[in-house]
Amino acid sequence: MHPHAGASLSRRRFLALSAAGSATGVAALNGCAMQVSSGVSGSGETVTLMVKPDDISPELIKQAQKDVGVKIVTVRYDITKLIGMMTNGNPPDLVRGVGATDAPYFAARDVMEDLDPYFARSSVLRLDDLDPVNDLWRYDGRTQGKGPRYGMAKDFSQDSMYWYNTALFDKAGVDHPPETEPVTFEEWLENAKRLTRRKSGQTTVFGGSYNGVSTPNLLASLTAAAGGSLFSDDFSRVDFTTPEARKALNWYIEYGRVKVGPSIIQPDPNAWDGPTFQANRLAMSNSGYWLGGLINADKKLAPLARLAPAPMFEGGQRISPCQAGTGLWMPRKAKNKDAAWRVFEWFFGEGPAKARASSGWGIPTLKSLRPLMPAQEDYQKRVLTVQNAELKHFSVIAYTPYATADSLYALFNQEAPAAMHGRMSVDTLAGRLNSAMNEQLKRGKEQVG
(Lines give C-alpha, C1' and ligand atoms only; values in the text may rest on other atoms or scores of the structure.)
Protein backbone atom coordinates (compact mmCIF):
# COMPACT_ATOMS: atom_id res chain seq x y z
CA MET A 1 0.00 0.00 0.00
CA HIS A 2 2.99 2.29 -0.40
CA PRO A 3 1.99 5.43 -2.35
CA HIS A 4 3.48 5.74 -5.83
CA ALA A 5 4.59 9.17 -6.98
CA GLY A 6 2.89 8.88 -10.34
CA ALA A 7 -0.30 7.17 -9.25
CA SER A 8 -3.60 8.77 -10.22
CA LEU A 9 -5.91 10.01 -7.48
CA SER A 10 -9.28 8.28 -7.75
CA ARG A 11 -12.52 10.00 -6.87
CA ARG A 12 -13.08 7.28 -4.29
CA ARG A 13 -9.88 8.29 -2.48
CA PHE A 14 -10.89 11.94 -2.51
CA LEU A 15 -14.31 11.06 -1.13
CA ALA A 16 -12.54 9.04 1.54
CA LEU A 17 -11.03 12.27 2.82
CA SER A 18 -14.41 13.75 3.69
CA ALA A 19 -14.27 12.67 7.32
CA ALA A 20 -10.80 14.13 7.94
CA GLY A 21 -10.58 15.82 11.31
CA SER A 22 -9.52 19.27 12.28
CA ALA A 23 -6.47 19.69 14.47
CA THR A 24 -6.07 21.25 17.86
CA GLY A 25 -5.64 24.97 18.24
CA VAL A 26 -2.16 26.39 18.54
CA ALA A 27 -0.68 29.60 19.80
CA ALA A 28 -0.13 32.55 17.48
CA LEU A 29 3.34 32.54 16.03
CA ASN A 30 5.41 35.68 15.99
CA GLY A 31 8.90 35.23 14.62
CA CYS A 32 12.09 37.14 14.21
CA ALA A 33 14.08 37.22 11.00
CA MET A 34 17.09 35.00 10.45
CA GLN A 35 18.33 34.72 6.90
CA VAL A 36 19.69 31.29 6.07
CA SER A 37 20.81 30.33 2.58
CA SER A 38 19.02 27.46 0.90
CA GLY A 39 19.71 25.45 -2.21
CA VAL A 40 16.01 25.59 -3.12
CA SER A 41 14.69 28.53 -5.13
CA GLY A 42 11.42 30.30 -4.54
CA SER A 43 12.11 34.06 -4.57
CA GLY A 44 9.36 36.12 -6.17
CA GLU A 45 6.79 33.35 -6.15
CA THR A 46 3.50 32.93 -4.32
CA VAL A 47 2.76 30.05 -1.95
CA THR A 48 -0.72 29.17 -0.71
CA LEU A 49 -1.03 27.84 2.84
CA MET A 50 -4.20 26.19 4.11
CA VAL A 51 -3.98 26.89 7.84
CA LYS A 52 -5.99 28.01 10.83
CA PRO A 53 -5.93 31.72 11.74
CA ASP A 54 -3.58 31.25 14.70
CA ASP A 55 -1.07 29.14 12.77
CA ILE A 56 0.65 32.09 11.13
CA SER A 57 0.12 35.76 11.93
CA PRO A 58 -0.18 38.59 9.37
CA GLU A 59 3.09 39.97 10.73
CA LEU A 60 4.81 36.66 10.08
CA ILE A 61 3.44 36.57 6.53
CA LYS A 62 5.02 39.98 5.89
CA GLN A 63 8.25 38.75 7.44
CA ALA A 64 8.31 35.75 5.07
CA GLN A 65 8.28 37.99 2.03
CA LYS A 66 11.09 40.06 3.52
CA ASP A 67 13.20 37.06 4.58
CA VAL A 68 12.77 34.62 1.69
CA GLY A 69 11.11 36.70 -1.03
CA VAL A 70 8.03 34.51 -1.20
CA LYS A 71 4.50 35.89 -0.96
CA ILE A 72 2.26 33.81 1.31
CA VAL A 73 -1.48 33.63 0.67
CA THR A 74 -3.53 31.85 3.32
CA VAL A 75 -6.75 29.87 2.98
CA ARG A 76 -8.65 28.94 6.12
CA TYR A 77 -8.30 25.23 6.88
CA ASP A 78 -11.43 23.38 5.84
CA ILE A 79 -11.42 19.73 4.85
CA THR A 80 -14.28 20.11 2.39
CA LYS A 81 -12.53 22.99 0.66
CA LEU A 82 -9.26 21.03 0.66
CA ILE A 83 -10.94 18.08 -1.08
CA GLY A 84 -12.45 20.43 -3.65
CA MET A 85 -9.13 22.14 -4.36
CA MET A 86 -7.34 18.81 -4.77
CA THR A 87 -10.11 17.36 -6.91
CA ASN A 88 -9.93 20.39 -9.21
CA GLY A 89 -6.16 20.00 -9.55
CA ASN A 90 -5.39 23.23 -7.70
CA PRO A 91 -4.43 22.22 -4.14
CA PRO A 92 -2.75 24.52 -1.61
CA ASP A 93 1.03 24.35 -1.59
CA LEU A 94 1.21 23.55 2.13
CA VAL A 95 -1.52 22.26 4.46
CA ARG A 96 -1.64 22.18 8.25
CA GLY A 97 -2.14 18.83 9.91
CA VAL A 98 -1.74 16.84 13.11
CA GLY A 99 1.09 14.40 12.59
CA ALA A 100 -0.09 11.89 15.18
CA THR A 101 -3.39 11.24 13.41
CA ASP A 102 -3.40 12.98 10.01
CA ALA A 103 -0.12 11.67 8.59
CA PRO A 104 -1.10 8.00 8.12
CA TYR A 105 -4.61 8.98 7.01
CA PHE A 106 -3.55 11.28 4.16
CA ALA A 107 -0.43 9.31 3.21
CA ALA A 108 -2.47 6.13 2.76
CA ARG A 109 -4.71 8.04 0.36
CA ASP A 110 -1.72 9.01 -1.79
CA VAL A 111 -2.20 12.78 -1.65
CA MET A 112 1.00 13.76 0.19
CA GLU A 113 4.37 14.60 -1.33
CA ASP A 114 7.33 12.48 -0.20
CA LEU A 115 9.65 15.11 1.31
CA ASP A 116 12.70 12.87 1.69
CA PRO A 117 14.47 14.37 -1.39
CA TYR A 118 13.93 17.88 -0.01
CA PHE A 119 15.26 17.00 3.44
CA ALA A 120 18.26 15.26 1.84
CA ARG A 121 19.50 18.46 0.20
CA SER A 122 18.46 20.96 2.88
CA SER A 123 21.11 22.81 4.84
CA VAL A 124 18.42 24.13 7.22
CA LEU A 125 16.50 20.99 8.16
CA ARG A 126 19.19 18.36 8.60
CA LEU A 127 18.10 14.80 9.27
CA ASP A 128 20.52 14.43 12.18
CA ASP A 129 18.95 17.49 13.81
CA LEU A 130 15.34 16.29 13.63
CA ASP A 131 13.77 15.36 16.94
CA PRO A 132 12.29 11.82 16.92
CA VAL A 133 8.81 13.36 17.26
CA ASN A 134 9.01 14.12 13.55
CA ASP A 135 8.71 10.38 12.93
CA LEU A 136 4.98 10.91 13.51
CA TRP A 137 5.06 12.32 9.97
CA ARG A 138 6.54 9.13 8.48
CA TYR A 139 4.50 6.32 6.94
CA ASP A 140 5.73 3.30 4.99
CA GLY A 141 2.36 2.20 3.64
CA ARG A 142 1.67 0.09 6.69
CA THR A 143 3.05 1.58 9.88
CA GLN A 144 3.40 5.12 11.16
CA GLY A 145 6.91 6.10 12.29
CA LYS A 146 8.71 4.37 9.42
CA GLY A 147 9.27 5.14 5.75
CA PRO A 148 9.19 8.48 3.88
CA ARG A 149 8.68 11.80 5.63
CA TYR A 150 5.51 13.57 4.58
CA GLY A 151 5.62 16.57 6.89
CA MET A 152 7.17 18.03 10.01
CA ALA A 153 5.93 19.17 13.43
CA LYS A 154 6.43 22.83 14.25
CA ASP A 155 6.73 22.07 17.99
CA PHE A 156 5.46 19.38 20.34
CA SER A 157 4.67 18.21 23.83
CA GLN A 158 4.67 14.83 25.45
CA ASP A 159 0.96 15.20 25.99
CA SER A 160 0.51 12.68 28.80
CA MET A 161 2.67 14.85 31.06
CA TYR A 162 0.73 17.15 33.33
CA TRP A 163 1.12 20.51 35.06
CA TYR A 164 0.05 20.93 38.66
CA ASN A 165 -0.60 23.91 40.91
CA THR A 166 1.46 23.59 44.10
CA ALA A 167 -0.73 26.06 45.99
CA LEU A 168 -3.83 23.94 45.42
CA PHE A 169 -1.92 20.79 46.41
CA ASP A 170 -0.72 22.44 49.62
CA LYS A 171 -4.19 23.75 50.45
CA ALA A 172 -5.66 20.26 50.06
CA GLY A 173 -2.81 18.61 51.98
CA VAL A 174 -1.79 16.48 48.99
CA ASP A 175 1.88 15.63 48.49
CA HIS A 176 3.51 16.98 45.34
CA PRO A 177 4.23 14.35 42.67
CA PRO A 178 7.85 13.22 42.24
CA GLU A 179 9.79 15.35 39.76
CA THR A 180 11.23 12.66 37.50
CA GLU A 181 9.43 9.47 38.52
CA PRO A 182 5.83 8.85 37.44
CA VAL A 183 2.88 8.32 39.71
CA THR A 184 0.47 5.60 38.66
CA PHE A 185 -2.76 6.49 36.89
CA GLU A 186 -4.53 5.06 39.90
CA GLU A 187 -2.66 7.50 42.18
CA TRP A 188 -3.31 10.38 39.81
CA LEU A 189 -7.05 9.77 39.96
CA GLU A 190 -7.05 9.44 43.75
CA ASN A 191 -5.16 12.74 44.03
CA ALA A 192 -7.67 14.36 41.66
CA LYS A 193 -10.51 13.27 43.93
CA ARG A 194 -8.79 14.79 46.97
CA LEU A 195 -8.06 18.03 45.12
CA THR A 196 -11.60 18.55 43.79
CA ARG A 197 -13.67 21.19 45.58
CA ARG A 198 -17.45 21.59 45.32
CA LYS A 199 -19.89 24.11 46.75
CA SER A 200 -23.69 24.06 46.52
CA GLY A 201 -23.54 21.28 43.98
CA GLN A 202 -21.11 23.17 41.75
CA THR A 203 -17.46 22.30 41.11
CA THR A 204 -15.31 25.22 42.21
CA VAL A 205 -11.94 23.51 41.67
CA PHE A 206 -11.35 20.64 39.26
CA GLY A 207 -8.94 18.12 40.76
CA GLY A 208 -7.46 17.23 37.39
CA SER A 209 -8.07 17.29 33.66
CA TYR A 210 -7.00 14.25 31.61
CA ASN A 211 -8.55 14.34 28.16
CA GLY A 212 -5.54 14.42 25.88
CA VAL A 213 -5.52 16.02 22.46
CA SER A 214 -8.27 13.73 21.13
CA THR A 215 -10.03 10.91 22.96
CA PRO A 216 -9.24 8.11 20.43
CA ASN A 217 -5.55 9.00 20.46
CA LEU A 218 -5.60 9.29 24.25
CA LEU A 219 -7.16 5.81 24.54
CA ALA A 220 -4.54 4.42 22.15
CA SER A 221 -1.83 5.95 24.36
CA LEU A 222 -3.43 4.67 27.57
CA THR A 223 -3.68 1.18 26.09
CA ALA A 224 0.00 1.30 25.14
CA ALA A 225 0.82 2.43 28.69
CA ALA A 226 -1.06 -0.64 29.94
CA GLY A 227 1.18 -2.80 27.75
CA GLY A 228 -1.04 -3.43 24.73
CA SER A 229 -2.34 -1.95 21.48
CA LEU A 230 -5.79 -0.56 20.79
CA PHE A 231 -5.47 -1.44 17.09
CA SER A 232 -4.91 -4.77 15.37
CA ASP A 233 -1.56 -5.41 13.71
CA ASP A 234 -2.84 -4.10 10.37
CA PHE A 235 -4.69 -1.17 12.03
CA SER A 236 -8.00 -2.24 10.46
CA ARG A 237 -9.75 -2.92 13.78
CA VAL A 238 -9.94 -1.77 17.38
CA ASP A 239 -10.47 -4.10 20.31
CA PHE A 240 -11.51 -2.57 23.61
CA THR A 241 -12.00 -6.02 25.18
CA THR A 242 -8.32 -6.93 25.48
CA PRO A 243 -7.09 -6.69 29.08
CA GLU A 244 -4.91 -3.66 28.27
CA ALA A 245 -7.55 -1.73 26.31
CA ARG A 246 -10.20 -2.65 28.89
CA LYS A 247 -7.95 -1.26 31.64
CA ALA A 248 -7.43 1.98 29.73
CA LEU A 249 -11.12 2.37 28.94
CA ASN A 250 -12.18 1.59 32.51
CA TRP A 251 -9.77 4.21 33.87
CA TYR A 252 -11.02 6.92 31.53
CA ILE A 253 -14.68 6.12 32.18
CA GLU A 254 -13.99 6.22 35.93
CA TYR A 255 -12.30 9.59 35.45
CA GLY A 256 -15.49 10.89 33.84
CA ARG A 257 -17.82 9.16 36.32
CA VAL A 258 -16.28 10.69 39.45
CA LYS A 259 -16.36 14.17 37.88
CA VAL A 260 -12.97 15.33 39.08
CA GLY A 261 -12.30 17.13 35.79
CA PRO A 262 -13.79 18.29 32.50
CA SER A 263 -15.31 15.57 30.33
CA ILE A 264 -18.06 15.01 27.78
CA ILE A 265 -20.58 14.88 30.65
CA GLN A 266 -19.04 17.82 32.52
CA PRO A 267 -17.68 20.33 29.99
CA ASP A 268 -15.33 23.09 31.06
CA PRO A 269 -17.08 26.43 30.35
CA ASN A 270 -13.74 27.74 29.10
CA ALA A 271 -13.58 24.94 26.49
CA TRP A 272 -9.92 24.18 27.29
CA ASP A 273 -7.64 23.89 30.30
CA GLY A 274 -5.61 27.09 29.94
CA PRO A 275 -7.95 29.72 31.42
CA THR A 276 -9.19 27.34 34.12
CA PHE A 277 -5.65 26.47 35.24
CA GLN A 278 -4.72 30.15 35.15
CA ALA A 279 -7.71 31.01 37.36
CA ASN A 280 -6.54 28.52 40.05
CA ARG A 281 -9.63 26.38 39.39
CA LEU A 282 -7.74 23.36 38.02
CA ALA A 283 -5.16 21.53 40.12
CA MET A 284 -3.71 19.29 37.35
CA SER A 285 -3.78 19.56 33.55
CA ASN A 286 -2.33 16.99 31.14
CA SER A 287 -1.45 19.64 28.56
CA GLY A 288 2.24 18.78 28.39
CA TYR A 289 5.09 21.29 28.11
CA TRP A 290 3.07 23.29 25.55
CA LEU A 291 0.99 24.97 28.27
CA GLY A 292 4.19 26.61 29.51
CA GLY A 293 3.70 29.37 26.95
CA LEU A 294 0.64 30.54 28.85
CA ILE A 295 2.14 29.85 32.27
CA ASN A 296 5.37 31.76 31.59
CA ALA A 297 3.36 34.87 30.76
CA ASP A 298 1.60 34.83 34.15
CA LYS A 299 4.13 35.92 36.74
CA LYS A 300 1.85 35.00 39.66
CA LEU A 301 1.05 31.53 38.37
CA ALA A 302 4.43 30.55 36.95
CA PRO A 303 6.24 30.05 40.31
CA LEU A 304 3.35 27.85 41.52
CA ALA A 305 3.11 25.66 38.42
CA ARG A 306 5.23 22.57 37.95
CA LEU A 307 5.46 19.89 35.29
CA ALA A 308 5.29 16.18 36.13
CA PRO A 309 6.10 13.00 34.15
CA ALA A 310 3.41 11.04 32.36
CA PRO A 311 1.74 8.57 34.74
CA MET A 312 1.94 4.82 34.18
CA PHE A 313 -0.35 1.93 35.03
CA GLU A 314 0.55 -0.53 37.76
CA GLY A 315 2.20 -3.40 35.94
CA GLY A 316 2.32 -1.42 32.68
CA GLN A 317 5.17 0.26 30.84
CA ARG A 318 6.49 3.79 31.05
CA ILE A 319 5.81 5.72 27.85
CA SER A 320 5.37 9.40 27.12
CA PRO A 321 3.98 9.97 23.61
CA CYS A 322 3.03 13.04 21.63
CA GLN A 323 -0.65 13.05 20.68
CA ALA A 324 -0.44 15.96 18.22
CA GLY A 325 2.78 17.04 16.46
CA THR A 326 0.94 19.76 14.54
CA GLY A 327 2.75 20.96 11.44
CA LEU A 328 2.56 21.21 7.65
CA TRP A 329 2.51 18.81 4.71
CA MET A 330 2.76 19.34 0.96
CA PRO A 331 0.08 17.99 -1.41
CA ARG A 332 1.50 15.78 -4.14
CA LYS A 333 -0.18 17.90 -6.83
CA ALA A 334 1.04 21.25 -5.43
CA LYS A 335 2.13 23.64 -8.18
CA ASN A 336 4.88 25.60 -6.41
CA LYS A 337 6.83 22.91 -4.60
CA ASP A 338 10.25 24.55 -4.57
CA ALA A 339 8.89 27.84 -3.27
CA ALA A 340 6.73 25.94 -0.78
CA TRP A 341 9.78 24.08 0.49
CA ARG A 342 11.65 27.37 0.97
CA VAL A 343 8.75 28.59 3.14
CA PHE A 344 8.76 25.21 4.88
CA GLU A 345 12.48 25.57 5.71
CA TRP A 346 11.99 29.11 6.96
CA PHE A 347 8.95 28.25 9.10
CA PHE A 348 10.42 25.12 10.69
CA GLY A 349 14.09 25.99 10.88
CA GLU A 350 14.71 29.73 10.87
CA GLY A 351 13.24 32.84 12.52
CA PRO A 352 9.74 31.57 13.34
CA ALA A 353 11.12 28.33 14.78
CA LYS A 354 13.55 30.22 17.01
CA ALA A 355 10.76 32.47 18.27
CA ARG A 356 8.53 29.50 19.09
CA ALA A 357 11.35 27.73 20.92
CA SER A 358 12.02 30.74 23.14
CA SER A 359 8.34 31.32 23.90
CA GLY A 360 7.72 28.06 25.78
CA TRP A 361 4.78 27.15 23.53
CA GLY A 362 6.04 23.64 22.87
CA ILE A 363 9.39 21.84 22.52
CA PRO A 364 11.28 22.71 19.33
CA THR A 365 11.40 19.90 16.79
CA LEU A 366 15.02 20.66 15.89
CA LYS A 367 17.38 19.48 18.60
CA SER A 368 19.71 22.41 17.90
CA LEU A 369 17.01 24.85 19.07
CA ARG A 370 16.52 23.31 22.51
CA PRO A 371 18.97 25.76 24.16
CA LEU A 372 16.45 28.51 23.35
CA MET A 373 13.78 27.01 25.61
CA PRO A 374 12.96 29.37 28.53
CA ALA A 375 15.37 28.85 31.42
CA GLN A 376 15.89 32.30 32.89
CA GLU A 377 13.95 31.75 36.12
CA ASP A 378 14.45 29.01 38.68
CA TYR A 379 10.97 27.62 38.05
CA GLN A 380 11.72 27.43 34.32
CA LYS A 381 14.94 25.55 35.01
CA ARG A 382 12.97 23.14 37.18
CA VAL A 383 10.48 22.53 34.37
CA LEU A 384 13.31 21.91 31.91
CA THR A 385 14.90 19.36 34.22
CA VAL A 386 11.64 17.40 34.29
CA GLN A 387 11.06 17.77 30.57
CA ASN A 388 14.59 16.78 29.55
CA ALA A 389 14.41 13.66 31.71
CA GLU A 390 11.10 12.73 30.07
CA LEU A 391 12.39 12.94 26.50
CA LYS A 392 14.01 9.51 26.69
CA HIS A 393 10.59 7.94 27.29
CA PHE A 394 9.10 9.27 24.04
CA SER A 395 7.75 6.76 21.56
CA VAL A 396 5.53 6.90 18.48
CA ILE A 397 2.11 5.34 19.14
CA ALA A 398 1.09 4.34 15.61
CA TYR A 399 -2.43 5.35 14.58
CA THR A 400 -4.83 3.84 12.07
CA PRO A 401 -4.85 5.20 8.50
CA TYR A 402 -8.46 4.11 8.00
CA ALA A 403 -10.34 6.73 10.03
CA THR A 404 -9.86 10.23 11.29
CA ALA A 405 -9.57 11.02 14.98
CA ASP A 406 -12.71 13.17 14.69
CA SER A 407 -14.84 10.38 13.23
CA LEU A 408 -13.84 7.95 15.99
CA TYR A 409 -14.26 10.69 18.58
CA ALA A 410 -17.85 11.23 17.44
CA LEU A 411 -18.58 7.52 17.82
CA PHE A 412 -17.05 7.48 21.30
CA ASN A 413 -19.16 10.47 22.33
CA GLN A 414 -22.33 8.70 21.26
CA GLU A 415 -21.73 5.74 23.55
CA ALA A 416 -19.54 6.83 26.47
CA PRO A 417 -21.85 9.22 28.36
CA ALA A 418 -24.14 6.38 29.44
CA ALA A 419 -21.16 4.57 30.98
CA MET A 420 -19.90 7.74 32.68
CA HIS A 421 -23.36 8.24 34.16
CA GLY A 422 -23.35 4.65 35.46
CA ARG A 423 -26.14 3.47 33.17
CA MET A 424 -23.93 1.11 31.15
CA SER A 425 -21.13 -1.26 32.15
CA VAL A 426 -17.64 -0.78 30.75
CA ASP A 427 -17.87 -4.26 29.19
CA THR A 428 -21.03 -3.30 27.32
CA LEU A 429 -19.40 -0.03 26.25
CA ALA A 430 -16.33 -1.91 24.97
CA GLY A 431 -18.54 -4.10 22.79
CA ARG A 432 -20.46 -1.15 21.39
CA LEU A 433 -17.29 0.79 20.63
CA ASN A 434 -15.84 -2.24 18.86
CA SER A 435 -18.95 -2.58 16.71
CA ALA A 436 -19.28 1.09 15.76
CA MET A 437 -15.62 1.89 15.26
CA ASN A 438 -14.80 -1.31 13.36
CA GLU A 439 -17.59 -0.57 10.90
CA GLN A 440 -16.04 2.86 10.34
CA LEU A 441 -12.57 1.34 9.93
CA LYS A 442 -13.91 -1.29 7.50
CA ARG A 443 -15.33 1.44 5.26
CA GLY A 444 -12.07 3.37 5.46
CA LYS A 445 -10.03 0.35 4.44
CA GLU A 446 -12.32 -0.28 1.48
CA GLN A 447 -11.88 3.34 0.38
CA VAL A 448 -8.10 3.16 0.57
CA GLY A 449 -8.01 -0.13 -1.32
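Modeller: A quick definition first: a crossing is right-handed if the near helix is turned clockwise from the far one by less than a right angle, and left-handed if anticlockwise. With that, helix 2 passes helix 12 in a right-handed crossing.

Colleague: Is this a predicted model or what, and how are you numbering things?

Modeller: It's predicted, so local features need pLDDT of at least 70 and side-chain atom pairs pLDDT 80 or more, while totals for chains, interfaces and linings use all residues. Numbering starts from 1 along each chain as its sequence is written, and side-chain values use heavy atoms, without hydrogens or water.

Colleague: Okay, back to helix 2 and helix 12. At what angle do they cross?

Modeller: Roughly 115°, with the axes of helix 2 (residues 58-68) and helix 12 coming within 11 Å. Axes are lines fitted to C-alpha atoms, for helices over the stretch in contact, and angles run from 0 to 180 degrees between N-to-C directions.

Colleague: Which residues make that contact?

Modeller: On helix 2 you have Leu-60, Gln-63, Ala-64, Asp-67 and Val-68, and on helix 12 Arg-342, Trp-346 and Phe-347. Contact here means heavy atoms within 4.5 Å.

Colleague: Switching topic: what's the strand order in the five-stranded sheet?

Modeller: The order is 2-1-3-13-6, in an open sheet with mixed pairing. Strands (E, at least two residues) and helices (H or I, at least four) are DSSP runs, numbered from the N terminus, and two strands pair if DSSP finds at least two bridges between them.

Colleague: Which strands are the edges? And what's the twist?

Modeller: Strand 2 (71-76) and strand 6 (151-153) are the edges, each pairing on one side only. From one strand to the next, the twist averages 25°.

Colleague: What about strand 3 and strand 13: parallel or antiparallel?

Modeller: Antiparallel, with four bridges joining strand 3 (residues 94-98) to strand 13 (residues 326-329). If you want a spot to look at, Gly-97 stands opposite Gly-327 in strand 13.

Colleague: Which helix lies across those two strands?

Modeller: That's helix 4 (residues 99-108), which runs at about 120° to strand 3.

Colleague: Now helix 9. Where does helix 8 meet it?

Modeller: Helix 8 (residues 215-225) and helix 9 (residues 243-257) have axes that come within 8 Å and cross at roughly 125°. Helix 8 brings Thr-215, Leu-218, Leu-219, Leu-222 and Thr-223 to the contact, and helix 9 brings Glu-244, Ala-245, Ala-248, Leu-249, Trp-251 and Tyr-252. The crossing is right-handed.

Colleague: And with helix 15, is the crossing of helix 9 left-handed or right-handed?

Modeller: Right-handed. The axes of helix 9 and helix 15 (residues 405-420) come within 9 Å and cross at roughly 65°.

Colleague: Which residues of helix 9 meet helix 15?

Modeller: Leu-249, Tyr-252, Ile-253, Gly-256 and Arg-257 do, and they meet Phe-412, Ala-416, Ala-419 and Met-420 of helix 15.
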